[in-house]
Amino acid sequence: MRQLKIAVVLALAVILQSSLKAVWPPLSYVDLPLIVVVYFALQRDALQALVIGVAAGLATDALGAGGLLGAGGFSKTLVAFVIASLSTRLTLDNPLVRIPVLAGAALLDATVYVLLHRMLGQPPLAPFVQTAGFKLIGTTIVGTILLFLLERMFSERARQRRHFAFRRRVAKRSAFRLGRRRH
Amino acid sequence: MAIARTQREIRQRAPLLLIGLLMGCFALMAFDARENGDATKQHVVRTWAQAVAAPFQRLASGVGGAGVGFFKHIGDLRHASAENEGLKQRLAGMEVELSQTRHAADENERLKALLDLKEKNEYQSVMAKVIARDPSLWFDTITLNRGRMSGIELNMPVVTPGGIVGRVVGTGPWVSQVMLITDERAAAGAIVGQLGESNALGSVRGLGESGLVEMRYVSGLEKVEAGDYVVTTGQDGIYPAGLNVGQVVEVKHGSATTPHVIHIRPGARLDALEEVAVLKYKPPPRTSPDQTLPNVEKK
């Protein structure tokens, strides 16, 4: 169930990334698949983060026609590994600490992606500093909000909260029924 | 069903998995970079990924468009009352202009019928909607909601009433991908001014980030000014002759020995494309050189 949830979130992020750019171009500065990768990399499971990173990157590459197939996969896998490694050594659970993590991830992703294209003789169209700067700002702001939402959706505490809410509802209903029978 | 892994296991396996994945991605990239040079080849992975994602992209862009439109309407309401006053005044002037325009339009219709523009029916077109753009920030290709099933083939030109947009670089069963004319890898044969009247022939290439295109190889002796129109020549084997490319915005004048460098703003609004037409244009076959001529390389 959790794997399916992850796959749905990832697919949604990749599809929205390409569709929303057609609706309003500034939305392209928010890297939704990267935010998802960062979230799962912060869960201290590097293996899961790597798989999610490569899947998000390759899916993004496959839906575009401009860049090289595999470049996004490479950069996002690397980002996932770096963050997952850091999260096992440092405490990155604080929402405030996540802001520099997101900014660093956006910068590393952009740098690796552009370097790979330059290395293979396919220079990107957009100017690096300006585009990477906008991406850093957009991804960090939206990412901070989205990480909070993803936290509510996937975390163990959220799972427990949902579980107890269900039990509370069942308990209330039972008490109500019992009360009616007594009358 | 979740597999519980210890941190030690993860720490041992992660570097190996990382190296494997990075090497796989690099191999894929190297292969794709080699394939990218060939415009006649289809990229199978991309074609099918696009085909699968197309219905969801269509849905997402539809919902997103409605959302953006809603907020835009709210913003527009603030300006509505001030605009209303101004518009009332303009309306009176417009009514006079309208009667003059009607007269001109009637005249135009009559002249068009007289000219009998046959080339307008020379090639069929497929109307298509832009459903997505390249998800990466660094490139700008678009995805159309029509593909091979609608008769779209590789390298077909894509246009709007404003001018040329680009060419088809990938076709799936029901979607196709278009490389915009502003892409650095895109090019078209063009001429400044009217075909048959001007000698300012050159090649138009994308400039990428600026949204402009650059025209090169125009003789420095030709007279070119900002504001001149540029049209296709049809010599590139992709775009038919006579399509609008755009308007000259800047000229770095050349001399007798150096060509002009001309910057052109594309006529099509590439940053806000919604509907486009894909021309089912087949360029005329190139004539092979006469093998009897002395300067032809013999096979």
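Y217(B) has 15 C-beta neighbours inside 10 Å, so Y217(B) counts as partly exposed. The model is predicted.

**Y217(B)**
- Y217(B) sits in strand 8 of chain B, which covers residues 213–218.
- The phi angle of Y217(B) is near 65 degrees. That value is positive, and Y217(B) is a residue other than glycine.

**N155(B)**
- N155(B) is in a loop of chain B. The loop runs between strand 2 (141–144) and strand 3 (157–160).
- Phi is positive here too: for N155(B), a residue other than glycine, phi is near 70 degrees.
- N155(B) counts as partly exposed because 17 C-beta neighbours lie inside 10 Å.

**Chain A: secondary structure**
- Chain A has 7 helices and 0 strands.
- Along the sequence, the pattern of chain A reads α-α-α-α-α-α-α.

**Chain A: burial and contacts**
- Chain A has 183 residues, and 47% of these count as buried.
- Take the contacts in chain A between residues at least 6 apart in sequence. Of these contacts, 65% join residues at least 24 apart.

Terms used
Residues numbered from 1 in each chain as written. Chains lettered and ligands numbered in written order. Predicted model: local features only at pLDDT ≥ 70, side-chain atom pairs only at ≥ 80, totals over all residues. Helix = DSSP H or I, 4+ residues; strand = E, 2+ residues; numbered from the N terminus. Buried ≥ 20, exposed ≤ 12 C-beta atoms within 10 Å, placed from the backbone. Contact = placed C-beta atoms within 7 Å.
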